[in-house]
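Here is a short report on the model shown below. Keep the chain in view while you read.

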Amino acid sequence: MSPPPGPFRPTFWRSPLRSPQLTAILGLVLLIGLPVVAITGLLSNDAYQPGLGANALGRNIHGPLDIYLFGWPTSPSWLYALTQGVHVSLGLALFPVVLVKLWSVIPKLFEWPPVRSPAHVLERLSLALLVGGALFEFATGILDIQYWYAFPFSFPQAHYYGGWVFIGALIFHVGVKFSTMRRSLATREELAAVVGPGAAPRPEHPLVAPNPSAPTMPRRALFGAVGAASVILLLQGVGDSLGGPLRPLAFLLPRGAHRSGPLGFQVNRTWAQSGLSAARLLGADWRLTVSGPRSVTLSRAELLALPQHTYDLPIACVEGWSTTQRWTGVALADLAALTGAHGRLSATSVSVAPGTYGQATLGHEEVADPRTLLALAVNGVPLDLDHGFPARVIGPAVPGVHCTKWVRSIHFQPEPA
């Protein structure tokens, strides 16, 4: 049976740039980079410690895909900034490669007949999951780092489970196509046909146009354009995650702008965005309730009278940006001691501002680390409202969403071994 008109006919696809070698080179780049993106994404999920408190953000943490290998360490203090910086920066850099890779194989999506055997059905199903999973993960991830939530679902949950769909499809696809990629990269002569002005690839391959049009650009220009786009996007992520003098490189990202002054660094959520009254909730009557075996209520003046500790610590967010500042405050371990709590403890901090991230639970590694603070000042000056006044949590390698701002209570409880 002859194929219907349009994209189902091989003669519809006329670009002379498509070839099995082009697809194989792009596939090799993705085979190296995508596992790193996937692993750092799963490490971010581990850092959230979703088995504690409400950290899972409503997700069922007892499903077959919820595997947590270890408690999240607090050293080095920049560990979470590193994993998320790599995840976002490399993910951005690979996005142009993914798009061109999909363009290079688009004739395969319109094969005719669409189904030839049970094995072919399985291959095409895995390809649909791979393409759909990749586009979903990259699209939602990029929208998230731009703070444009154009989707009606929870980003962390959807991105996590979408990631598992993509990882499963990728493993299956690599298993099926690895030998094909290896054959396509087998000889220098065939590679020269892709990256240079050499002879055209074998015309009998389904990715090669049987009746190609005149080229509008050389193959080297295609690789150059993809490489340039990847480098520009890589610099966006690197500038955002490393900060300092490199932050202006992230000119396309919302946290890439330079801000001056001791309190001029980035925040995810301002007090104004909470829509609450600072005078009523954070005024002179504000008190912190610290509970465990017994409860203690402390004013800000009483907190300032406790031993103060100062450390240089990063805030690192799932969106990939981070910034290191000098924080001063009371160690969480000292607050736990005031309640009579001891041993292996977790701590749940609750903000005066309700919402999805209105509370977070830190694990015993974070509570026991002397650098985990209830911060009262930053860079030698008191906190302002946008940075968490009158008190906020900060700690080494703690995900930014767990650094609760505008804290009203902290509860210490034994953490199961």
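**Confidence**

This is a predicted model; local features need pLDDT of at least 70, side-chain atom pairs count only at pLDDT 80 or more, and totals for chains, interfaces and linings use all residues. Residues are numbered from 1 along each chain as its sequence is written, and side-chain values use heavy atoms, with hydrogens and water left out.

The protein has a mean pLDDT of 89 (pLDDT is the predictor's confidence in each residue, from 0 to 100). Of its residues, 93% reach 70 or more. Over residues 197-201, pLDDT stays under 50. The model has 13 contacts beyond four places in sequence for residues 197-201 (contact means heavy atoms within 4.5 Å). Where pLDDT is low, the predicted coordinates should not be read in detail.

**Nonpolar patch**

Leu-122, Leu-125, Leu-129, Val-165, Phe-172 and Val-176 make a nonpolar surface patch of about 480 Å². Helix 3 (118-145) and helix 4 (155-184) are the elements that give two or more residues to this patch. Helices (H or I, at least four residues) and strands (E, at least two) are DSSP runs, numbered from the N terminus.

Patch residues have over 30% relative accessible area and no salt bridge; like charges are joined within 9 Å, nonpolar side chains (Val, Leu, Ile, Met, Phe, Trp, Tyr) within 5 Å. Areas come from the Shrake-Rupley method with a 1.4 Å probe, and for residues only the protein chains shown count as cover. A salt bridge is a side-chain nitrogen of Lys or Arg within 4 Å of a carboxyl oxygen of Asp or Glu.

Phe-172 sits in helix 4. Is Phe-172 partly exposed or buried? Its relative accessibility is 32%, so Phe-172 counts as partly exposed. The cut-offs are under 20% relative accessible area for buried, over 50% for exposed, and partly exposed in between (1.4 Å probe, protein chains only).

| Peptide bond | Omega |
|---|---|
| Ser-75 to Pro-76, cis | near -5° |
| Trp-112 to Pro-113, cis | near 0° |

Pro-76 lies in the loop between helix 1 (20-47) and helix 2 (79-109). Pro-113 is in the loop between helix 2 and helix 3.

**Positive phi**

Gln-49 is not a glycine, yet its phi is positive, about 45°. Gln-49 is placed in the loop between helix 1 and helix 2. At 10% relative accessibility, Gln-49 counts as buried.

Asn-379, also not a glycine, has a positive phi of about 55°. The loop between strand 7 (373-378) and strand 8 (381-382) holds Asn-379. Asn-379 counts as partly exposed, at 27% relative accessibility.
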